[in-house]
Amino acid sequence: MKKFLERIAQGVLIGDGAIGTMLYAKGVAPEANFEHLNLVRPELVLELHREYLAAGAQVIETNTFGANCARLSAIGLGGRVAEINRKGAQIARSAVDGRDLLVAGSIGPLGRGKSELSPEQVADCFRVQSAALAEGGVDLLILETFSELDELLAALAAAKETGLPVVANLAFGEGGRLPGGTSAESAALRLAAAGADVVGANCGAGPLELLATVKRIAAVCPLPLAAYPNSGFPEYLDGRYIYRTTPEYFADRAEELVAAGASLVGGCCGTTPEHIRVMAGRLQGSLNLPLAPRERVPEGRVRVVPRSEEVAGGEALTPTPSPGGRGEPSVSFLDGWGAGPVITVELDPPKGLDCARVLAGSRALKEAGAHAINLAENPLARVRMGNLALASLIRREVGIEVIAHVTCRDRNLIGMQSELMGASLLGVSSILAVTGDPASLGDEAGASSVFDLNSFTLIKLLSDLNSGVNALGNPIGAGTGFTVGAAFNPNTQSMEVQVRRLAKKVANGARFAQTQPIYDIVRFEDMMEQTAHLGIPILPGVLPLVSGRNAEFLHNEVPGIVIPEEIRRRMAGKSGEEGVAEGLAIAREFIEAASAKAGGFYLIPPFGKYEIAVELVRYIKDLRTPRPQVP
């Protein structure tokens with residue numbers, strides 16, 4: 001027991017990276033049970049452990065994350081729980097091969113099968129797995145990717161019965177909170193009180209968001225901290241999810257995690273031996289000596305976190321009922337296409353019921369000359385106010401058109417048709433059809449993705465509704481009259497593939513497109529050339545940067561965004577007013593260079609700062625305004 005606890009008290013320990021990601025990369029089918037590989041393909045698991053050890057990992061995890069009775073019973077392996085866990089521990093122990101390295105027994109949540117178990121059965125599941133891992137020879141147990149605090153506390157109690165040190169990691173959602181609203185600070189203190197030896201976070205979003213969570217925990221909890229971030233958000237490409245965070249960026253954030261107080265640092269989804277190798281080299285240095293973590297709150301001086309810490313809200317604005325259906329729209333934000341730049345701006349729906357800021361932003365943008373407001377629908381699968389009702393409110397209160405983004409994630413085919421007909425009744429006239437981020441990216445435990453439709457079939461459905469029929473061809477009346485839009489991502493290696501996808505969307509009924517943020521004028525010109533034959537308005541996305549850190553985050557962690565190295569160099573080291581000014585300068589330069597070929601722009605103000613968008617709207621208007629000749 002002292003081996004691990006003494007070492008983590010003395011300095012930083014380097015963990016390994018993703019297991020599932022790498023086994024999949026080695027050819028294991030995604031539908032296979034990875035833990036069963038301990039019995040049927042132990043040599044493959046051993047190979048992966050050795051790769052992480054060669055990369056510099058000092059603590060490797062067993063391939064047992066889902067090896068509990070609830071998950072294994074669902075596939076007929078409930079009688080082999082102990083065997084699979086023991087074997088997983090033995091494989092990892094053989095990889096260490098007597099060296100001064102550590103093996104952590106990995107234990108994850110029970111999954112959906114937990115709902116059918118009593119509290120006593122839940123405890124037994126964790127007890128059996130913990131005991132088997134201890135019998136197999138692990139040095140410690142690591143409980144990870146739990147999103148429900150009560151379940152983690154049950155696992156912790158069972159794990160403590162083994163007498164081994166226990167690391168307790170939670171997967172926090174946006175803002176460092178669990179789905180039920182519990183803050184990172186409160187959760188960490190409850191885990192510490194329950195006997196955890198190390199507390200921390202893993203999975204979740206990406207390195208930058210997990211860093212913020214670790215800082216919050218470090219401010220109140222005296223225990224050693226663990227941090228295992230994902231390699232950013234995954235991007236769905238050619239039938240699989242791809243993580244684009246570079247090892248260098250991951251190592252940069254790992255250094256910050258250590259500075260924030262983390263003593264055990266590794267990687268979660270999407271991380272590879274190369275991520276660990278670069279991180280280990282950065283943290284260990286040329287002398288291979290451990291770095292002392294930053295001093296944090298001392299024992300006995302734990303700050304008490306009040307239970308009344310939840311999200312502060314404001315007064316909700318109550319919409320008044322609509323007098324009836326709207327019929328065909330008399331105007332569209334695209335009516336002026338070709339006569340001058342068409343400008344749309346994205347605003348974030350609120351996380352609560354207070355609409356004051358989004359209404360104020362809509363008014364300011366209308367006064368500046370914007371033609372439409374974009375409202376995303378629960379981006380990154382995180383809950384916000386329903387954008388269709390909000391779109392109706394903005395249209396009525398402000399008098400500006402709203403482009404409501406509609407995703408395929410949350411509604412089946414029946415619900416989608418009802419919702420869209422209701423949107424028509426509320427006066428929503430423009431829809432951007434997108435597939436949407438999978439529910440697994442969000443912070444709602446137990447939420448599942450529907451995806452009866454994808455972006456192509458949603459566009460076809462919208463076109464049918466416009467024609468006055470539903471998905472079955474049954475008449476619905478005069479038709480909805482939506483202006484239908486599509487998303488386009490030019491930031492890919494194969495522009496031709498994306499152009500073919502857009503052509504299919506146009507054939508299904510899309511009448512305009514908005515793109516992911518573009519920072520490369522050459523790529524923009526290539527996009528315009530390759531899409532010219534489609535004959536629809538395309539608005540390039542413009543997302544102003546605010547700091548060097550922001551630029552690196554977007555480039556490394558956000559799917560679909562690529563920021564050229566030259567621009568990242570310009571932003572490097574800049575923050576505050578200097579960063580905002582440089583980001584605006586870069587945005588203006590792109591707009592000016594693109595204005596000869598772009599019929600409009602899709603502005604995406606960072607962090608909901610609509611004031612930045614107002615400035616850019618005015619700049620675009622001024623750019624196209626003829627100036628008097630100087631005699």
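**Exercise 1.** Determine how many aromatic pairs the structure holds, and classify the pair of Phe-126 and Phe-146.

Solution. The structure, a predicted model, holds 3 aromatic pairs. Rings of Phe, Tyr and Trp (its six-membered ring) pair if their centres lie within 6.5 Å; planes under 30 degrees apart count as stacked, over 60 as edge-to-face and the rest as tilted. The centres of Phe-126 and Phe-146 are 5.9 Å apart and the planes stand at 50 degrees, so this pair is tilted. Phe-126 belongs to helix H7 (residues 119–136) and Phe-146 to strand S4 (residues 140–146), 20 residues apart. Helices (H or I, at least four residues) and strands (E, at least two) are DSSP runs, numbered from the N terminus. Phe-126 counts as buried, at 0% relative accessibility; Phe-146 is buried as well, with a relative accessible area of 0%. Buried means under 20% relative accessible area, exposed over 50%, partly exposed in between (1.4 Å probe, protein chains only).

**Exercise 2.** Classify the pair of Phe-333 and Phe-512, and locate both residues.

Solution. The distance is 5.1 Å centre to centre and the angle between the planes is 85 degrees, an edge-to-face pair. Phe-333 lies in the loop between helix H12 (273–284) and strand S11 (342–347), whereas Phe-512 lies in strand S16 (residues 512–517), 179 residues apart. Both residues, Phe-333 and Phe-512, are buried.

**Exercise 3.** Compare the span of helix H14 with the expected value, and state what its buried residues pack against.

Solution. Helix H14 (residues 387–398) has 12 residues. From first C-alpha to last it reaches 15 Å, close to the 16 Å expected at 1.5 Å a residue; the expected span is 1.5 Å times one less than the number of residues. Its buried residues include Leu-388, Leu-390 and Ile-394. The packing partners of the buried residues include helix H13 (356–368) and strand S13 (401–407). Just after H14, Gly-399 takes a positive phi of about 80 degrees.

**Exercise 4.** Find where Glu-35 is placed and which side chain of opposite charge is nearest.

Solution. Glu-35 is in the loop between helix H2 (20–25) and helix H3 (37–40).

**Conventions.** Residues are numbered from 1 along each chain as its sequence is written, and side-chain values use heavy atoms, with hydrogens and water left out. Local features need pLDDT of at least 70, side-chain atom pairs count only at pLDDT 80 or more, and totals for chains, interfaces and linings use all residues.

How values were computed
Contact means heavy atoms within 4.5 Å. Lys and Arg count as positive and Asp and Glu as negative; His and the chain ends are not counted. A salt bridge is a side-chain nitrogen of Lys or Arg within 4 Å of a carboxyl oxygen of Asp or Glu.
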